[in-house]
Amino acid sequence: MNPELQGRVFAPTDPYLVGREKVREFARAVFATNPINHDPAAAAAAGYRDIVAPPTFAVVVQESTLAQLLAEPDAGIDFSRVVHGEQRFSYTRPIVAGDELTATLSVTSIKTLGGNAMVTAESSIVDETGSHVVTASSTLVVRGDA
Amino acid sequence: MSALAAPRLDTLEIGQIVADADYRISRDSLVRYAGASGDFNAIHYRDDVAEAVGLPGVLAHGMLTMGIAVQSVVDWLVDPGRILDYGVRFTRPVVVDPLEGAGIAVVAKVGALDREAGEARIDLTVTAHGGTVLGKAQVRVSLR
C-alpha cells in the first residue's frame with residue numbers, strides 16, 4: 001500500500017439524508033430497544049427533533065468514504081485482504097432522523113507491522129449547517145502477501 | 001442535553017457493574033444487519049465463501065457485535081445522547097452457527113470517573129463462545 005496516502009483528504013461525500021424508517025431498521029438490526037430510537041414522541045420528550053440513531057449508525061454514512069479510499073487509484077489496497085482492526089466514534093451530538101450529513105475522509109496514519117499495513121482513516125461527519133456531528137475512525141489492517 | 005433522568009455520577013464507583021446483558025444472534029440477524037448497514041460482504045452469510053477464504057465459519061459483522069455491545073449502556077443512560085465516544089478493537093471473530101447461532105454476553109463496568117468534567121468511562125467485556133471478542137471496548141459518557 002502507498003505510504004504517501006498519509007495526510008490525504010478526500011472530497012466530501014454527497015449529502016446523506018437520515019430517514020426515520022432507516023433509523024428504525026438499523027435500530028432493530030443492532031437490538032436497540034430504547035424508545036428514543038423508535039418512537040418520535042419518546043424522542044421529543046427527551047428533547048430531540050425526531051428519533052435518535054443508535055451510536056454505531058454513523059458507519060452507514062462513513063461507509064461511502066471508505067469506498068472512496070479503497071477505490072483511490074494509487075492506494076494499492078486490495079479489498080480482499082482488508083480486515084477491520086479498530087473502530088471509534090466521537091460525537092458532538094447524536095444523529096437524528098432528518099439530518100442531512102456529509103462526510104469528509106482523511107487518512108491520518110499509515111503504519112507497517114510485520115508485513116501488514118495498518119491504515120487509520122477518519123471521516124468527519126457534519127450536518128446541513130456544517131456543524132460537526134460525529135467523527136468515525138477506522139483502522140484497517142491490510143494483510144501482506146505472505 | 002436531555003430532560004430525562006440520568007444515572008448520577010456521584011453514586012458510581014470504579015469497578016461497579018452498570019449493565020449486564022446476554023444476546024443471541026442467528027444467521028437471520030446477520031442478513032438483517034447486512035441490509036440495515038449496507039455491508040454485504042458474503043463472509044457474513046455464505047458458508048462456501050467463508051470456507052474459501054479460510055475462515056472457521058460464517059462470521060458476525062464486527063460492527064454488529066460493536067453495535068449490540070453498547071445497547072445495554074444506552075438503556076442504562078436512558079438518553080443515547082449521553083454517549084460522547086465509543087471505540088473498540090476487533091480481536092476475535094464471532095462464528096455464527098447455522099442452527100445454534102451464537103451468544104454474545106456483555107458486562108459493562110465503570111472504568112474511570114472524571115467528576116469535574118461530569119464524565120465516566122464505561123468498559124465493556126464482550127464474550128462469545130467463551131472468549132473475549134472485543135478489546136479495549138470503552139464508552140465515554142456524560143452524566144451532567
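1. In this predicted model, 34 residues of chain B are in contact with 30 residues of chain A. The two chains bury about 2,700 Å² between them, with 60% of that area on carbon and sulfur atoms. Of the area that chain B buries against chain A, B:Ala36, B:Met63 and B:Gln71 supply 19%, more than any other three residues.

2. Polar interactions across the interface: there are two salt bridges between chain B and chain A, and twelve residue pairs are in polar contact, both residues at pLDDT 80 or more. On the side of chain B that touches chain A, the residues divide into 20 nonpolar, eight polar and six charged.

3. The elements of chain B that give two or more residues to this side are strand 1 (17-25), helix 1 (27-37), helix 3 (62-69), helix 4 (71-77) and strand 2 (83-90). Strand 2 of chain B gives the most, with eight residues.

4. Strand 2 of chain B also pairs with strand 2 (residues 82-91) of chain A, in the antiparallel sense and over five bridges. A:Glu86 stands opposite B:Arg89 there. These two residues form a salt bridge, their closest N and O atoms being 3.4 Å apart.

5. Leaving aside neighbours within four places in sequence, A:Thr120 is in contact with A:Ser106, A:Val107, A:Thr108, A:Ser109, A:Ser137, A:Ser138 and A:Thr139.

Notes
Residues numbered from 1 in each chain as written. Chains lettered and ligands numbered in written order. Predicted model: local features only at pLDDT ≥ 70, side-chain atom pairs only at ≥ 80, totals over all residues. Heavy atoms only, no water. Contact = heavy atoms within 4.5 Å. Buried area = accessible area lost by both parts, 1.4 Å probe. Salt bridge = Lys/Arg side-chain N within 4 Å of Asp/Glu carboxyl O. Polar contact = N/O pair within 3.5 Å; in protein donor to acceptor, adjacent residues only side chain to side chain. Helix = DSSP H or I, 4+ residues; strand = E, 2+ residues; numbered from the N terminus. Nonpolar A, V, L, I, M, F, W, Y, C, P; charged D, E, K, R; others polar. Pairing = 2+ DSSP bridges.
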